[in-house]
Amino acid sequence: MTRNYSTTILAFLVLTMILLTFPSQVRSADTQNPVMVAQVGSGVIGAVKNNPEEYPDDEFSEDMWGDSEHHEEAYASDPWQGYNRAMFKFNDYLYFNIMKPITKGYMWAVPLRPRTWTNNFFQNMLYPVRLTSCLLQGKFYTAGAETSKFIANSLFGMGGLGNVVGEAQSTMPLYLGDEDLGQTFGVWGIPNGPYFVLPFFGPSTIRDSVGLGIDTFVLNPFWWFGIPWYYSASAGAYNQINKLSFHIGEYESLKEGSIDPYLALRDAYLSYRAKQVRDAKIDPNKPKPQMTTNPDAAPQK
Amino acid sequence: MKRTLSILVIVVLLCLSAGAGFAAENSPMVRLRSGIQGVIAILNDPEYKGDPAMEAEKAHKIRETIKDFFNFEELSKRSVGRPWLKFTPEEKERFVSLFTNLLEQTYLGRVGEYSGEKVAFDKETIIKGKYAQVDTRLLTGKQDIPVFYRMKLTDGEWDVYDVKIEGVSLVKNYRTQFTGILDTTNDKTLEAGKKELFKRLEKKCAELKANPKAATDNGIE
């Protein structure tokens, strides 16, 4: 009897922990994937249209860059702004008062290397999420790269702790596609729908929320094999804390420079997602730079 | 005599062709590279290293260098968008100075995080002879961060007016925020909006100046 009681308490504690600590998004992401804000990563914008005749001589026009469509996609439909702003405040409070202190404590206790291993492990586990989206978008090259990376890391990388093929020197450019279902829907032409701030998960849209739900509960192996949900959820929460430890300061810097942080984050999220949807094909060959800066240059006297 | 003359002609011709060659080098990419290189040179300058007293001078020098290849008027104008046409010259000037200040306070600290990364310049696209985009990548070793610079030819010089990282454009991000404040329904609402905008900009600049960290660490407002 007492035992059952303590299990309930444990479950309750774990649940509270999860509710308090769930930050942005449970989705497949490499270390470079943003936590709340799209600030760093990789990708290419659509080809620049170079036809001067097409555009009127409007000094405010940005149409000439061939990414107006991209901008339109990032244009926010925000009918629930009252709710969204309230939720943004809630998440902001959560971030500064709970998430950040916990993550800082975690970073103090756990050195960079084990945190990287943890990240690689989760990364490897979330392979089904990314693979599904690669296949659904017809990105077979990326799907192949993902698969070969998954096999190599699982076999030779101690079950995913290492990232044996992550380096640029590997024989084949094995990048992660960083695909998820929200992007897949976008590639299929499904529009974003209204902007929607999720509690704990941060900025999203209706389309991305649906994708995120499926990614999290259907495609994520932590929710398979009858694992009790509170273990799955705490694993997800732990992954988030670990991931956040690589991104502390990004949300702060976005907020620091903004006049209206809510709108700044909304634009950043939608623009970043629009870019992710549009980078249909990543060029596996790195472009050859025409010139580079000299990092050791000293000023001329 | 004849020989001296012919040598002179050759020298003059050489100078001219060198000049022409130099003019062709007035490309957005070359200009951007020299601008960024200038900032890196200041960051590397041993004169400023490890001396807190020199930090202020270093920051000042970096600001000046950045101002040289950034066009903050154009950047401000595009960040405000069409309501800019209804700003008086004084308001424009005030806005440019406040906004420049805000950007400097926010991003100057980031510049200091530079630790020997290279910047690769991949491509330049010139449109209508007046606008250009230079595709660059910041090579951090672990991964490349693509950064696109958009530049405009003003008075024969290419100057940056927008920076786009990961699909997020600096100008557009601020335009979203300013549009939320500037209500252009009629002149009266616009005036009120402008007042609010200046109030917020001034408050932000004061906050950043007083304590660059506290402004963000204490949550909203």
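A:Arg266 is buried, with a relative accessible area of 10% (buried means under 20% relative accessible area, exposed over 50% and partly exposed in between, with a 1.4 Å probe and protein chains only). The side chain of A:Arg266 meets that of A:Asp78 in a salt bridge of 2.7 Å, N to O (a salt bridge is a side-chain nitrogen of Lys or Arg within 4 Å of a carboxyl oxygen of Asp or Glu). A:Arg266 lies in helix H11 (residues 261-278) of chain A and A:Asp78 in the loop between H2 and H3 of chain A, so the pair ties together parts that are 188 residues apart in sequence. Helices are DSSP runs of H or I with at least four residues and strands are runs of E with at least two, both numbered from the N terminus. A:Asp78 is buried as well, at a relative accessible area of 14%.

The model is a predicted one, in which local features need pLDDT of at least 70 and side-chain atom pairs count only at pLDDT 80 or more, while totals for chains, interfaces and linings use all residues. Residues are numbered from 1 along each chain as its sequence is written, chains are lettered from A and ligands numbered from 1 in the order in which they are written, and side-chain values use heavy atoms, with hydrogens and water left out.

Side chains of opposite charge can pair when their charged atoms come close. Over all chains, the whole structure holds 24 salt bridges. Another of them joins the side chains of A:Lys255 and A:Asp92 at 3.1 Å, N to O. Here A:Lys255 belongs to helix H10 (residues 250-256) of chain A and A:Asp92 to helix H3 of chain A, so this pair ties together parts that are 163 residues apart in sequence. Both A:Lys255 and A:Asp92 are buried. In chain A there is also a network of salt bridges that links A:Asp180, A:Arg207, A:Asp208 and A:Arg273.

Turning to chain B, the side chains of B:Glu202 and B:Arg94 meet in a salt bridge of 3.0 Å, N to O. This pair links distant parts of the chain, with B:Glu202 in helix H7 (residues 187-210) and B:Arg94 in helix H5 (residues 89-111) of chain B, 108 residues apart. B:Glu202 is partly exposed at a relative accessible area of 37%, and B:Arg94 counts as partly exposed at 37% relative accessibility.

Chain B contains 8 helices and 5 strands, arranged from the N terminus on as α-α-α-α-α-β-β-β-β-β-α-α-α. Of its 221 residues, 47% are buried. Among contacts in chain B between residues at least 6 apart in sequence, 51% join residues at least 24 apart (contact means heavy atoms within 4.5 Å). Chain B exposes about 11400 Å², of which carbon and sulfur atoms supply 59% (areas come from the Shrake-Rupley method with a 1.4 Å probe, and for residues only the protein chains shown count as cover).

The two chains share an open sheet of 6 strands, in the order S3(A)-S1(B)-S2(B)-S3(B)-S4(B)-S5(B), with antiparallel pairing (two strands pair if DSSP finds at least two bridges between them). Strand S3 (291-292) of chain A and strand S5 (168-169) of chain B stand at the edges, each with a single partner strand, so one side of each is left without a neighbour in the sheet. S3(A) is joined by 2 bridges to strand S1 (residues 118-127) of chain B, and these strands run antiparallel. Within this pairing, A:Thr292 has B:Ala120 in S1(B) as its bridge partner.

Elsewhere in chain A, strand S1 (residues 195-198) and strand S2 (residues 202-205) run antiparallel and are joined by 4 bridges. A:Val197 stands opposite A:Pro203 in S2(A). The hairpin of S1(A) and S2(A) has 3 residues between the strands, and A:Phe200 takes a positive phi near 70 degrees there.

A nonpolar surface patch of about 600 Å² is made by A:Trp80, A:Tyr83, A:Ile206, A:Val210, A:Ile214, A:Phe217 and A:Val218. Patches are made of residues with over 30% relative accessible area and no salt bridge, with like charges joined within 9 Å and nonpolar side chains (Val, Leu, Ile, Met, Phe, Trp, Tyr) within 5 Å. Helix H8 (residues 206-217) of chain A gives the most to this patch, with 4 residues. A:Trp80 is found in the loop between helix H2 (68-73) and helix H3 (81-109) of chain A, and A:Trp80 is partly exposed, with a relative accessible area of 37%.
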